[in-house]
Amino acid sequence: MRTTKLGQLTVSAQGLGCMGMSEWYGATDWDSSIETINRALDLGMTFIDTADIYGAGHNEVLVGRAIAQRRDDVQLATKFGIDRSAATRTALSAARPPT
């Protein structure tokens, strides 16, 4: 697997985004999601992306359990402070610079 630098970190050039394992794309399957994460790690992928908002916290628990025995093999990206309320979406849309 090809790698790249993110600041001081060396990560796999391809990462695994885990949002769909907890919401948006249909039913979730805990076991197959953990298998997918472990297979990605087996193939040399080291960059895993999650967020506390994905599945109302489900995704960070899922990813945490999947990588628990392999934590030293993973660079974990996460986001926080995402607010999906209608008022926030409107405020954020209004705050964008014109294109």
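Two strands count as a pair if DSSP finds at least two bridges between them. Strands (E, at least two residues) and helices (H or I, at least four) are DSSP runs, numbered from the N terminus.

What you're looking at is a predicted model: local features need pLDDT of at least 70, side-chain atom pairs count only at pLDDT 80 or more, and totals for chains, interfaces and linings use all residues. Residues are numbered from 1 along each chain as its sequence is written, and side-chain values use heavy atoms, with hydrogens and water left out.

**Close-up 1. Strands β4 and β5 run in parallel.** Here β4 pairs with β5 (residues 75-79) in the parallel sense, over five bridges. Look for Phe 47, whose bridge partner in β5 is Gln 75. Together with α2, these strands make a right-handed β-α-β unit.

Close-up 2. Leu 16 sits opposite Ile 48 of β4.

**Close-up 3. Helix α1 from end to end.** The helix has 13 residues, and from first C-alpha to last it reaches 18 Å, close to the 18 Å expected at 1.5 Å a residue (the expected span is 1.5 Å times one less than the number of residues). After the helix comes Gly 44, which has a positive phi near 100°.

**Close-up 4. The buried face of α1.** Which residues of α1 are buried? They are Ser 33, Ile 37, Ala 40 and Leu 41, where buried means under 20% relative accessible area, exposed means over 50% and partly exposed is in between (1.4 Å probe, protein chains only). Seen down the axis of α1, the buried residues fall within an arc of 100°, so they line one face of the helix; the arc is that of the directions from the helix axis to the C-beta atoms. An α-helix has 3.6 residues a turn, so residues three or four places apart point the same way. Over on the other side, Asp 31, Glu 35 and Asp 42 are exposed. The cover over the buried residues of α1 includes β3 (15-17), β4 (47-51) and α2 (58-67).

**Close-up 5. Ser 33 up close.** Ser 33 belongs to helix α1 (residues 30-42). Its relative accessible area is 6%, so Ser 33 counts as buried. Setting aside neighbours within four places in sequence, Ser 33 is in contact with Met 21 and Leu 62, contact being heavy atoms within 4.5 Å.

**Close-up 6. The buried face of α2.** In α2, the buried residues are Asn 59, Leu 62, Val 63, Ala 66 and Ile 67. Viewed down the axis of α2, these buried residues fall within an arc of 115°, so they line one face of the helix. They pack against α1, β4 and β5.

**Close-up 7. Asp 52 in its loop.** You'll find Asp 52 in the loop between β4 and α2. With 34% relative accessibility, Asp 52 is partly exposed. Not counting residues up to four places away in sequence, Asp 52 touches several residues, including Glu 60, Thr 78 and Phe 80.

Terms used
A crossover is right-handed if, with the strands pointing away from the viewer, the path from the first strand over the helix to the second runs clockwise.
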